[in-house]
Number of protein chains: 2
Amino acid sequence: MTTADLSFDFADVHPDTRYKLLTGLVVPRPIAWVVTKSTEGVVNAAPFSLFNVISEDPPLVVFSVDTKPGDRVKDTLVNVHATRAFVVNLVDAATAQAMNNCAIPFPPEEGEPEALGIPLVPGTHGPVPRLAIAPVAMECRQVTTLNFGPRRDLVIGEVLALHTRAGVLDPKTLRTDYDVYQPVGRMGGTMYAHLNDRFSMERESYDEFRARMAKEPA
Amino acid sequence: MTTADLSFDFADVHPDTRYKLLTGLVVPRPIAWVVTKSTEGVVNAAPFSLFNVISEDPPLVVFSVDTKPGDRVKDTLVNVHATRAFVVNLVDAATAQAMNNCAIPFPPEEGEPEALGIPLVPGTHGPVPRLAIAPVAMECRQVTTLNFGPRRDLVIGEVLALHTRAGVLDPKTLRTDYDVYQPVGRMGGTMYAHLNDRFSMERESYDEFRARMAKEPA
């Protein structure tokens, strides 16, 4: 079959199709396994991949919560707005299945960690616990939430504290050891990816680039 | 050597160290290879990995621009604010080196695509061209920019149009073919990753989960 370049005018594309295109193509995405606590004390955990770090000074992360009616992930937003606190746990190969189980739409009164037998560690910088099995956890305080209509809210949070499992960071250089960490990324649909096939690219200075071009013109 | 779990109170950690920790651990990140155009007509291209999709309705992306003094990536922000237009090109294995070359700090009057010999395709939904070699490109209109102090600005943009190279999407199902696409993700430091080691996880319904637990308790 012959295929051609495809172009989409997004004004003519249904939001569900836009979601499929955007999440299928903007990959790989990091996964925030977000733990929150309700005012009744129920500890909730749910995964979000419309997520990233956005700043180091102040240290900020963002994640986008789907608020379409009937979708259970709204618990996360209710809890964040009630307590202004959340913990972003990161995901490795060993915890990927547990993270995926937290996407099961549990009723709000039933906390995923308890239902799934995931042990918790009390927060050091807020009321929300982290997941004991997570390789990395970031305790966050909600700074603000931006609403973008009926389907999406973007939570912006400041990272107050970061915890890593032994071996994930070199304690001297603070470099990440990905062979120990074994992070997992989000692709489209039901797909995920391991990150063991890595490569390094150094960046040249402008002078180095010009010197190279003088020798071997582009 | 014995290692232990590590914890960091971010109030006590220098911003440069926070950057190293956050970008080393929040992985893999998608890469936005952002093209902008100055009011003088210079076409600029620069990579950003503090980037993601955040919404489908409206269709929105965010990327964070480092604005610390002396850093050349500020050109992107100047151009976005002058024209309110930008194009997010995505990166594959074949274009990774060209993307990395666009991180060389060129002077503002010298456009990376021209200096590096990267061909352009005129925009269909705005004044900014896309990179002809990119597997995916999204023409965007700036919605707003959030400033977070002297070092960071978060650009929020609406996706007006999306273009894909032949074969990246199945034209009938609009599913992404990652074996054709060959996307590349950003890790910490100078590291990147290929995404060929993929796996799928289906999500259970709550009833399926309960039925499974009744048979084989956790």
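**Chains A and B: interface and a helix**

User: Which side chains meet in a salt bridge at 2.1 Å, N to O?
Analyst: This is a predicted model. The rule for a salt bridge asks for a Lys or Arg nitrogen within 4 Å of an Asp or Glu carboxyl oxygen. At 2.1 Å, N to O, one pair meets in a salt bridge: the side chains of A:Glu110 and B:Arg210.

User: Across the interface of chain B and chain A, how many salt bridges does the rule find?
Analyst: Polar contacts can be counted across this interface too, and the rule finds 52 residue pairs, both at pLDDT 80 or more. For salt bridges across the interface of chain B and chain A, the count is 8.

User: Which helix of chain B gives the most to the side that touches chain A?
Analyst: The residues on that side of chain B divide into 61 nonpolar, 25 polar and 21 charged. The helix that gives the most to this side spans residues 15-25 and supplies 10 residues. Its name is α1 of chain B.

User: What area do chain B and chain A bury between them?
Analyst: The size of an interface is often given as the accessible area lost when the parts come together. Here, 107 residues of chain B are in contact with 107 residues of chain A. Carbon and sulfur atoms carry 64% of the buried area. The area that chain B and chain A bury is about 9,500 Å².

User: Is B:Thr76 buried or exposed?
Analyst: B:Thr76 lies in helix α2 of chain B. Leaving aside neighbours within four places in sequence, B:Thr76 is in contact with residues including B:Val34, B:Asn44 and B:Phe63. The cut-off for buried is under 20% relative accessible area. B:Thr76 has 0% relative accessibility, so B:Thr76 counts as buried.

User: Which residue follows α2(B), with a positive phi?
Analyst: Helix α2 of chain B runs over residues 74-83, and its buried residues include B:Asp75, B:Leu77 and B:Val80. The buried residues of α2(B) pack against strands of chain B, among them β2, β3 and β5. After this helix comes a residue with a positive phi, near 60 degrees: B:Arg84.

How values were computed:
Residues are numbered from 1 along each chain as its sequence is written. Chains are lettered from A and ligands numbered from 1 in the order in which they are written. This is a predicted model: local features need pLDDT of at least 70, side-chain atom pairs count only at pLDDT 80 or more; totals for chains, interfaces and linings use all residues. Side-chain values use heavy atoms; hydrogens and water are left out. Buried means under 20% relative accessible area, exposed over 50%, partly exposed in between (1.4 Å probe, protein chains only). Helices (H or I, at least four residues) and strands (E, at least two) are DSSP runs, numbered from the N terminus. Contact means heavy atoms within 4.5 Å. Buried area is the accessible area (1.4 Å probe) that two parts lose on being put together, summed over both. A polar contact is a pair of N or O atoms within 3.5 Å; within protein, one must be able to donate a hydrogen and the other to accept it, and residues adjacent in sequence count only if both atoms are side-chain atoms. Ala, Val, Leu, Ile, Met, Phe, Trp, Tyr, Cys and Pro count as nonpolar, Asp, Glu, Lys and Arg as charged, and the others, Gly among them, as polar.
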